[in-house]
Amino acid sequence: MLPTRIISQDGSCKYSFPLESNLRMESAFFMVPGRERPNIACISTQLGCAVRCQFCSTAEMPFFRNLTAREMLSEVTTILEDQYGPRILLEGFEVSFMGMGEPLANLKNVLKAVREIGSRYPEITRVSVSTAGPADRIHALIREMPIAPPIHLQISLHATNDETRRTLIPNAPETISKLLSAARKYHDVTGDQVFVNYVLIKGINDSPEDARWLARLDKEAFYIKISQLNTIAGLPAHLVPASMKEILQFSSMLALMGAAHKVFVGDGLDVQASCGQLAAIPREIVQVELQEEECSTVNLS
Ligand code: SF4
């Protein structure tokens, strides 16, 4: 079966690749004007995920298996060919290993895929990897440096104390200090600022104390990315997304404290292509089969 694509009203696309036993690997494509690399392919690294973040659709399914490097590459090439046709434009294109799965739990295949991307598409000058840990996987990644294209590391923190983090990410119970110290080492080795992902949840991790804690992170090594909690089926009732107004208030607190940060606004929400939403395809949305001749004629609604 061919992969399918769902197009969001904002132009983002969600791709779904049928695999064995009715399983699907899902990926997304986003255009973020104004960003240094405005075109992003967000790809999956595992079928299911054992980390079990409470705010993620992937966590609702069991962990089935790691994706192979070849499968990850097919996510990238399908998106590139669909978006750009035979005249592949790679300027400002970034591959982000942030879809379904914990990339560093499948490190060997992820590294193989990154190296293959580097040799097949030398114009791609950076890939991103987001991880919830553990620290020893970050150290294993460090041992592979340098790698082409370079890997921009992001860590999924989402809390400023271990107890809260354990409730949000039950299977990543490692201490925050161990995770941060491995990420710090990554910065020291690569010189790259590590992004700290922090999804803002009302009454859970949005207090002034949380802001103060985040503002104390070393600005040279870390850059905080605050994002909104996306709605998914099965989101536990106590996890209430902070509103955009509350996010901006939290951001103002961080700014007053001099924290290096930005507010990240997710795209593709209407087709469930945004953070934490992959793995659930809304049936009411029309899927378009990626027949080669149709690729360039599919219009955004
Ligand atoms: S957010 Fe990422 S690490 Fe957490 S359960 Fe979902 S796919 Fe796994």
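**Backbone exceptions in a predicted model**

Asn22 counts as exposed, because 6 C-beta neighbours fall inside 10 Å, and the cut-off for exposed is 12 or fewer. This is a predicted model. Asn22 is found in the loop between strand 2 (13-18) and strand 3 (24-31). Its phi is near 60 degrees, which is a positive value in a residue other than glycine.

For context, most residues other than glycine have a negative phi, and most peptide bonds are trans. I will go through the remaining exceptions in turn.

Gln272 also has a positive phi without being a glycine, with a value near 55 degrees. Where does Gln272 lie? It is in the loop between strand 12 (261-264) and strand 13 (288-289). Is Gln272 buried or exposed? Gln272 counts as buried, because 24 C-beta neighbours are inside 10 Å, and 20 or more is the cut-off for that class. So Asn22 counts as exposed, whereas Gln272 counts as buried.

Now the peptide bonds. Gly133 and Pro134 are joined by a cis peptide bond, with omega about 5 degrees. Pro134 sits in the loop between strand 8 (127-131) and helix 3 (135-142).

On to Pro149. The peptide bond from Ala148 to Pro149 is cis, and omega there is near -5 degrees. Pro149 lies in the loop between helix 3 and strand 9 (151-156).

Methods: Residues are numbered from 1 along each chain as its sequence is written. This is a predicted model: local features need pLDDT of at least 70, side-chain atom pairs count only at pLDDT 80 or more; totals for chains, interfaces and linings use all residues. Helices (H or I, at least four residues) and strands (E, at least two) are DSSP runs, numbered from the N terminus.
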